[in-house]
Amino acid sequence: MDLAEPHILIVDDDERIRNLLTRYLAGQNFRVTGAEDAADATAKLASVSFDLLIVDVMMPGQNGFDFVAELRRKKNHVPVILLTARGEAEDRITGLETGADDYLPKPFEPRELTLRINSILKRAARPAPTPPSAAIRFGEFSFDAVRGELKRDEDIIPLTTGEAQLLRVLARNPGTTVPRAALADPTSGGESRAVDVQITRLRRKIETDPRNPRYLQTVWGEGYVLWAE
């Protein structure tokens with residue numbers, strides 16, 4: 001076993017799916033651990049560091065939405081991909097609102113799952129190159145695009161990998177409207193509603209009144225703009 005390989009935790013009450021995904025992802029050079037439910041996953045997270053979680057939504061006991069929401073409340077920002085048997089847009093949006101980084105409706109092609117995993121891990125490990133002096137300020141906040149680090153004064157505000165990547169794009173173009181398509185993750189199919197959810201989550205972290213944003217504003221029919229100093 002190569003300890004340098006990314007370590008993935010699969011949380012699914014269906015043993016057959018856990019075994020299938022474990023065998024497939026192990027063949028794609030990932031280390032894989034399985035958990036049969038949210039309680040089992042919580043116990044494993046207490047003693048092992050994982051690079052990414054794949055979480056089924058429909059589980060007995062605590063469902064996937066609630067499990068991810070609890071992780072984020074505990075300030076655990078490990079990347080999460082949600083698996084859902086339901087393809088409705090509102091279910092996918094609910095997943096993003098809880099703090100998940102991506103979602104994949106069942107049934108899915110294993111290769112697509114691998115592409116989404118690699119996309120998230122690359123964003124987390126290798127942020128887009130930006131000069132160290134390019135940290136920008138807006139009000140009491142500063143954002144370092146190299147580290148993907150948002151601060152209020154000296155306090156770090158945790159960001160998911162998706163939120164950090166979105167803020168990087170906006171920070172590279174301060175005062176300029178960025179189209180929704182330019183903010184969307186390529187693996188999401190450019191779904192603008194997913195971008196809107198990420199924007200809403202960011203506003204809750206940087207705006208005094210998220211409904212009347214001062215820094216992260218909507219340009220109707222076009223996209224979003226970040227106003228920086």
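The model is predicted, so local features need pLDDT of at least 70 and side-chain atom pairs pLDDT 80 or more, while totals for chains, interfaces and linings use all residues. Residues are numbered from 1 along each chain as its sequence is written, and side-chain values use heavy atoms, without hydrogens and water.

**Helix α3**

Helices are DSSP runs of H or I with at least four residues, strands are runs of E with at least two, and both are numbered from the N terminus. Helix α3 spans residues 64–73. Buried means under 20% relative accessible area, exposed over 50%, and partly exposed in between, with a 1.4 Å probe and protein chains only. Because 7 of its 10 residues are buried, α3 is largely enclosed by the rest of the structure. The buried residues are Gly64, Phe65, Phe67, Val68, Ala69, Leu71 and Arg72.

Asn63 caps the N-terminal end of α3. One of its side-chain oxygens lies 3.1 Å from the backbone nitrogen of Phe65. Just after the helix comes Lys75, with a positive phi.

Most residues other than glycine have a negative phi, and most peptide bonds are trans.

The peptide bond from Lys106 to Pro107 is cis, with omega near -10°. Pro107 sits in the loop between β5 (102–105) and α5 (110–125).

How values were computed. A polar contact is a pair of N or O atoms within 3.5 Å; within protein, one must be able to donate a hydrogen and the other to accept it, and residues adjacent in sequence count only if both atoms are side-chain atoms.
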